[in-house]
Amino acid sequence: MTAADAAIRVDAVSKRFGRTLALDAVSFTVPRSGIFALLGPNGAGKTTLMHILCTILRPDSGSAEIAGFDVVRQPLAARSRLGIVFQEPSLDDRLTVLENLNLHGLVFGVPRRLRRQRIEEMLDLVELTDWADKTARTLSSGMKRRLEIARALVHDSEIMLLDEPTAGLDAQTRQRIWAYVRRLQGERQLTVLVTTHYIEEVETCDRVCIIDSGKVLAMDTPDALKRAHGQQLLRVTPRTPADRAEILESSTDRLAYDRGAEIVLKSDDSFVETFLGQFGTRISSLSIEVPSLETVFLSLTGRELRDRGAGVRERTLAFGRRGGEHTR
Ligand SMILES: Nc1ncnc2c1ncn2[C@@H]1O[C@H](COP(=O)(O)OP(=O)(O)OP(=O)(O)O)[C@@H](O)[C@H]1O
Ligand SMILES: [Mg+2]
């Protein structure tokens, strides 16, 4: 892929805040059209990178391009190609839904007729037509997010940057938001760069870049990542404490996690057979978990990627070192 084909090009971008190296020589290229996810825990550097791409922060070193425009030297041209949904809410709460959209179209110089047509289309897509005259303040948080997505596409944006578009929303709203994003992507051949720390959301993305402590750890399709770094897991429940002790003793190098009643072992097809031959009568339950992006993250970082506050199932697996959690 040549630079001209790329929607987004990031080349050795570094950014420091005081003693924190938020981005450490990050490089990647996003081809045109498709959904590209940046996956990483709190503090990984995702928002910093988004801010550099949307020209509100300058990198200390390295360079980045949006649709071939350098974000430092040609910020206006780069901005004009972008639709952005910031991590922090950025609607004008005092304006109505329609006024928020209109104002955005005006700022980006979208001619009146086209503006009206786009706004109508976008309101329909995110199912907010009936709310057009309501003040933004009165919308639920999921509706506000939908309005921000609509707003990002009122001007001629071909590249969408979505920073945690679903953070803190309930599971149903998260699914709806993803449905809009996928539909928009397909209909308009958009390039979508989306950050998230909900691992299950990136399963269906075209490419995933895993970022941690400002560094890119891996980047590929979800399937290729799983093939390269994924780990099959075997969950077993020993019948008695003696069975448990024996299983643990014979599997120390395979132990992924000891949850008391349940033991989770790093596995593969031949191991399952061996294990069953040896301990088949000494366990009361067994399940095999296929390699997931969760285990990809675990094996790359030694830590679990925690989901926060989204009501998704508790994630308790951990390999090896259980390092400090990233919190701010
Ligand atoms: N303006 C700032 N001043 C000082 N430190 C900052 C600033 N912005 C970010 N940082 C630090 O840079 C690092 C990366 O932060 P960033 O917001 O990019 O992470 P993130 O991946 O978006 O995290 P989250 O998932 O919590 O949104 C963190 O250690 C953060 O504390
Ligand atoms: Mg962030």
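This is a predicted model: local features need pLDDT of at least 70, side-chain atom pairs count only at pLDDT 80 or more; totals for chains, interfaces and linings use all residues.
**View 1. Arginine 32 sits in the loop between strands S2 and S3.** With 16 C-beta neighbours inside 10 Å, arginine 32 lands in the partly exposed class. Which residues does arginine 32 touch, if we skip those up to four places away in sequence? They are Asp5, Ala7 and Thr191. Look for glycine 68 too: it is 36 residues from arginine 32 along the chain, yet their C-alpha atoms are separated by 11 Å.

**View 2. Fourteen residues, written 14 in the count, gather around ligand 1.** Start with Phe17, Ala22, Lys46, Thr47 and Thr48, because these come nearest to the ligand. Strand S2 (20-31) and helix H1 (46-53) each supply at least two residues of the shell. Which element gives the largest share of that shell? That's H1, with three residues. Sort the shell by class and you get nine polar, three nonpolar and two charged residues.

View 3. Alanine 67 has 20 of them within 10 Å, so it counts as buried.

**View 4. Helix H3 packs against helix H5.** Two packed helices are described by the angle between their axes and the distance between the axes. For H3 (residues 97-107) and H5 (residues 141-152), the angle is about 30 degrees and the axes are 9 Å apart. Angles under 35 degrees count as roughly parallel, so that's how H3 and H5 run relative to each other. The crossing of H3 past H5 is right-handed. On the H3 side, the contact is made by Val97, Asn100, Leu101 and His104, and H5 brings in Leu147, Ala150 and Arg151. By class, that contact has four nonpolar, two polar and one charged residues.

**View 5. Helix H10 is largely enclosed by the rest of the structure.** Why say so? Seven of the nine residues of H10 (residues 293-301) are buried. Those buried residues are Leu293, Glu294, Thr295, Val296, Phe297, Leu298 and Thr301. Their cover includes strand S9 (207-212), strand S10 (215-220), helix H7 (222-229) and strand S11 (232-238).

**View 6. Zoom back out, and the protein has ten helices and 14 strands.** Its C-alpha atoms fill a box of roughly 75 × 45 × 35 Å along the principal axes. Of the 328 residues, 39% count as buried. Now take the contacts with a separation of 6 or more: 69% of them are between residues 24 or more positions apart.

Notes. Residues are numbered from 1 along each chain as its sequence is written. Chains are lettered from A and ligands numbered from 1 in the order in which they are written. A residue is near a molecule or strand if its C-beta atom, placed from the backbone, lies within 6 Å of it. Helices (H or I, at least four residues) and strands (E, at least two) are DSSP runs, numbered from the N terminus. Ala, Val, Leu, Ile, Met, Phe, Trp, Tyr, Cys and Pro count as nonpolar, Asp, Glu, Lys and Arg as charged, and the others, Gly among them, as polar. Axes are lines fitted to C-alpha atoms, for helices over the stretch in contact, and angles run from 0 to 180 degrees between N-to-C directions. Angles under 35 degrees count as roughly parallel, over 145 as roughly antiparallel, 65 to 115 as roughly perpendicular and the rest as oblique. A crossing is left-handed if the near helix is turned anticlockwise from the far one by less than a right angle, and right-handed if clockwise. Two residues are in contact if their C-beta atoms, placed from the backbone, lie within 7 Å. A residue is buried if 20 or more other C-beta atoms lie within 10 Å of its own, exposed if 12 or fewer, and partly exposed in between; C-beta atoms are placed from the backbone.
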